Amino acid sequence: MDNYALFTKSISLKNLGIESAIIHYQLTADQLQKMTLQSGQGIETSTRALAINTGEFTGRSPKDRFIVKDYITNDKVWWGNINIPFEPEAFDALYNKMTAYLSNKEVFVRDAYVCADLNYRVKVRVVTETAWANLFCFNMFLRPKKKELENFTPEWTVICVPSFLADPAIDGTHQSNFAILNFTKKIALIGGTGYTGEVKKGIFSALNFILPVFKNTLPMHCSANVGDEGDTAIFFGLSGTGKTTLSADPARKLIGDDEHGWTNENSIFNFEGGCYAKVINLSEENEPDIFKAIKKGALLENVMFKKGTNEVDFEDISITENTRVSYPIYHIENIKSNSIGKNPKNIFFLTADAYGILPPISKLTPGQAAYHFISGYTAKVAGTEAGITEPQPIFSACFGAPFMPLHPTKYAEMLSKKMKDANVKVWLINTGWTGGPYGTGSRMKLKYTRAMITAALKGELDKVDYVNHSVFGIAEPQSCPNVPSEILNPRNTWENPNLYDTKAVELAQKFKSNFAKFEEFANAEIMKGAPLV
């Protein structure tokens, strides 16, 4: 569909300070896969997808992500542990070293777009050291047609060189790997890491600054789909909560699975041209759309194979639990052709609560929605190290704190206003545990979660009775089509309801402790959304 023939236009990178001997420009997915295989850097799987290993780094490195502090960012960025400042002079010196390092080397260049809405579209040029990283960019960014490339002038440039290692003592980084955004020069530098997610998240972070500051548009770390009636649904959630799975609904068209903007015209547009999904324990039965998308053109990262074969073993986490696949969005059959939706009607906040406290579905007030949005809660399953026996709470503001340059309350206030203006309903969905915490209870069945979301989308929960949760104050429906009523109230599923009450208060206190750092910036309505303890 989008696997265009080789574009023969020749380009120069001299304006970037790169005197490269060989520039591979705008290669097709087939060509990039072939070159990766020929270089010995990848393996073709049984489904003809390409599998590669990203090296030392198999995930993002948040402590090595920086933003250049200058006149554009100085008084706008929320500086701290997430947004770490970097001196302009140090950036320039590192940039010069990096481009000199690339000179006279073979490089791969791709011109692409981000933002499906033409009014917000940004032109991006990506320079990569490897063919497979360029394939990732082919999959994940919007692909220009040949005619659009003739006079293509990039607005942002990404330079990704895994083999280039910084010297922290000289370059001002924490260690040899780094990801740095410069909003004045519109450049993202990535070095010392082969994890492709740094490229995607670098541009996402840039848009999370550009759109609200200059375009009055809300950027969101979410998936989105649209129904036959034109109603758009938005799904927020951290990794492992089911965001990609639940938005790939056979009854609705997928707009995108991870990053979107919400405009003043009340439309939702995808930033990307593809999907980037976790594949740990992937099965055709539970996630058929993702499973079927892993074919030629898809790029698998850090997976293992069944012994003596090139068939992927999705349960093998020998390299990492963060096994991933990227693929162009057209590998999913049921997609929205222009990647734009209008008329948002429902928002779902997804959490995999391993404590088994939060209801499987509840309705939120605008204040509660803003509070839970800023909190961005989920809980990871207990590990086996150092005697850890309980789940671990994870709070990531706006369900994407590592990519948010502004203070989280800025995004929350924008979301709250848009919710009210569009009369959107907001639901909290627990895809985690029921009947007790991890180790005692069981994971909520996917079929029940799907049924609850379907009921909310169809308006079938508008006329049922609700009871407010005694600790969190959120409204719990007392019935839902195709869902056993006894699981709707989590307290009733615990063998010891009094123990549930105690643990619910403990979880609420974790929410309050986490939110303390945001309180001075939060308005009264947001604070009313806090747990009732």
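## Close-up views of a predicted model

View 1. The model is predicted, so local features need pLDDT of at least 70 and side-chain atom pairs count only at pLDDT 80 or more, while totals for chains, interfaces and linings use all residues. Residues are numbered from 1 along each chain as its sequence is written, and side-chain values use heavy atoms, with hydrogens and water left out. T157 sits in strand β8 (residues 156–161); helices (H or I, at least four residues) and strands (E, at least two) are DSSP runs, numbered from the N terminus. Setting aside neighbours within four places in sequence, you will find T157 in contact with L16, R125, K186, I187 and A188, where contact means heavy atoms within 4.5 Å. K123 lies 34 residues from T157 along the chain, and their C-alpha atoms are separated by 8.7 Å.

**View 2. Strand β8 belongs to an open sheet of 8 strands.** The edges are β1 (22–25) and β5 (84–86), each of which pairs on one side only. On average, neighbouring strands of this sheet are turned by 20° against each other, direction ignored. Within the sheet, β4 (residues 65–68) and β9 (residues 178–182) run parallel and are joined by 3 bridges. For F66, the bridge partner in β9 is I180. Helix α3 (residues 131–140) lies across β6 (106–114) and β7 (122–128), running at about 10° to β6; axes are lines fitted to C-alpha atoms, for helices over the stretch in contact, and angles run from 0 to 180 degrees between N-to-C directions.

**View 3. Helix α1 has a buried side and a face turned away from that side.** In α1 (residues 29–38), the buried residues are A29, L32, Q33 and T36. They lie on the same side of α1 because they cover an arc of only 100° around the axis, the arc being that of the directions from the helix axis to the C-beta atoms. Their packing partners are β2 (42–44), β3 (50–52), β6 and α3. On the face turned away from the buried side, look for the exposed residues K34 and Q38. Helix α1 lies across β2 and β3, and runs at about 115° to β2. Just after the helix comes G40, with a positive phi of about 75°.

**View 4. Strand β20 is part of an open sheet of 5 strands.** The order here is β2-β3-β17-β20-β16, again with mixed pairing. Because β2 and β16 stand at the edges with a single partner strand each, one side of each is left without a neighbour in the sheet. Neighbouring strands are turned by 20° against each other on average, direction ignored. Strand β20 (residues 324–328) is mostly covered, with 5 of its 5 residues buried. In a regular strand the side chains alternate between the two faces of the sheet. Both faces of β20 are covered, with R324, S326 and P328 buried on one side and V325 and Y327 buried on the other. Strand β16 (residues 274–278) runs antiparallel to β20 and is joined to β20 by 5 bridges; K278 stands opposite R324. Strand β17 (residues 299–301) pairs with β20 in the antiparallel sense over 3 bridges, and L300 has V325 as its bridge partner.

**View 5. T263 is a buried loop residue.** T263 is placed in the loop between β14 (259–262) and β15 (267–270). Its relative accessibility is 1%, so T263 counts as buried. Beyond its neighbours within four places in sequence, T263 is in contact with D117, Y120, T217, F269 and K418. P212 is 51 residues from T263 in sequence and 9.8 Å away in space, C-alpha to C-alpha.

**View 6. Helices α9 and α13 pack against each other.** Helix α9 (residues 366–375) and helix α13 (residues 497–515) meet at an angle of about 75°, and their axes are 10 Å apart. That angle makes α9 roughly perpendicular to α13; angles of 65 to 115 degrees count as roughly perpendicular, under 35 as roughly parallel, over 145 as roughly antiparallel and the rest as oblique. Y371, H372, I374 and S375 of α9 make the contact with F511, K512, N514 and F515 of α13.

Note on methods
Two strands pair if DSSP finds at least two bridges between them. Buried means under 20% relative accessible area, exposed over 50%, partly exposed in between (1.4 Å probe, protein chains only).
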